[in-house]
Amino acid sequence: MTIQRAINAFNQLGTYWILWLLAGLSVAAVAVMIERAIVFLLTRDHPAQLQRELRDLLAAHRLDDARRRLEQSRSFEARGAAAGLLASGPGSAEERMLSESQSARLEMERNLTYLGTLGNNAPFVGLLGTVIGIIGAFHQLGNGVGQVSAGLMGQIGEALIATAIGLLVA
């Protein structure tokens, strides 16, 4: 099989598979966005109120109450403060809090690379659909001996839709 035949066979698939691919990728992106929004909503706390309460508890030397208050909070900030409270000294507290903040950052940024990659590459997938559609239009133009037909316009329209969907997904 020559490369030209392989390309022609690939072109016969049309751009519909690219549109379905882009639709699937956009559904996955929306799912990531919703999942991240849920995580951030569930881990919210009132940081100013938490800080005020911790300051009062620590000033009164009520370490156990401060630990319990931090355990009640679902926020990433509380996890970092709790790591510091559980430490045996200032150096240890700094290391534990740094470690906890890095862990929290990884948890907060989970799946965001997918969104970045999709945003950067979706226009190129749409452009691939455009190229495939234009190649199909040229084949149809060649088969119609240079006459413009409704099928030819449909091919060009399909090609442009693939570009638009690619940009929309990005």
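Start with Arg36. At 4% relative accessibility, Arg36 is buried, because the cut-off for buried is under 20%. Keep in mind that this is a predicted model.

So what does the side chain of Arg36 meet in a salt bridge? Glu35, at 2.9 Å from N to O. Glu35 itself is partly exposed, with 24% relative accessibility.

Now to helix H4, residues 63-72. Arg67 and Asp64 form a salt bridge there, and their closest N and O atoms are 3.4 Å apart. The two sit three residues apart in the helix, so about one helical turn separates them. Arg67 is partly exposed at 28%. Asp64 is partly exposed too, at 48%.

Next pair: Arg68 and Asp65. Their salt bridge has its closest N and O atoms 2.4 Å apart. Again, three residues in helix H4, so about one helical turn. Arg68 counts as partly exposed at 46%. Asp65 counts as partly exposed at 24%.

How many salt bridges does the structure hold? Ten.

Phe10, Leu13, Trp17, Leu21 and Leu128 make a nonpolar surface patch of about 430 Å². Leu128 lies in helix H7, residues 112-143. Its relative accessibility is 36%, so Leu128 counts as partly exposed.

Last stop, Ser101. Ser101 is in helix H6, residues 90-108. At 38% relative accessibility, Ser101 is partly exposed. Thr43 is 58 residues from Ser101 along the chain, and their C-alpha atoms are 14 Å apart.

How values were computed:
Residues are numbered from 1 along each chain as its sequence is written. This is a predicted model: local features need pLDDT of at least 70, side-chain atom pairs count only at pLDDT 80 or more; totals for chains, interfaces and linings use all residues. Side-chain values use heavy atoms; hydrogens and water are left out. Patches are made of residues with over 30% relative accessible area and no salt bridge: like charges are joined within 9 Å, nonpolar side chains (Val, Leu, Ile, Met, Phe, Trp, Tyr) within 5 Å. Accessible areas come from the Shrake-Rupley method with a 1.4 Å probe; for residues, only the protein chains shown count as cover. A salt bridge is a side-chain nitrogen of Lys or Arg within 4 Å of a carboxyl oxygen of Asp or Glu. Helices (H or I, at least four residues) and strands (E, at least two) are DSSP runs, numbered from the N terminus. Buried means under 20% relative accessible area, exposed over 50%, partly exposed in between (1.4 Å probe, protein chains only).
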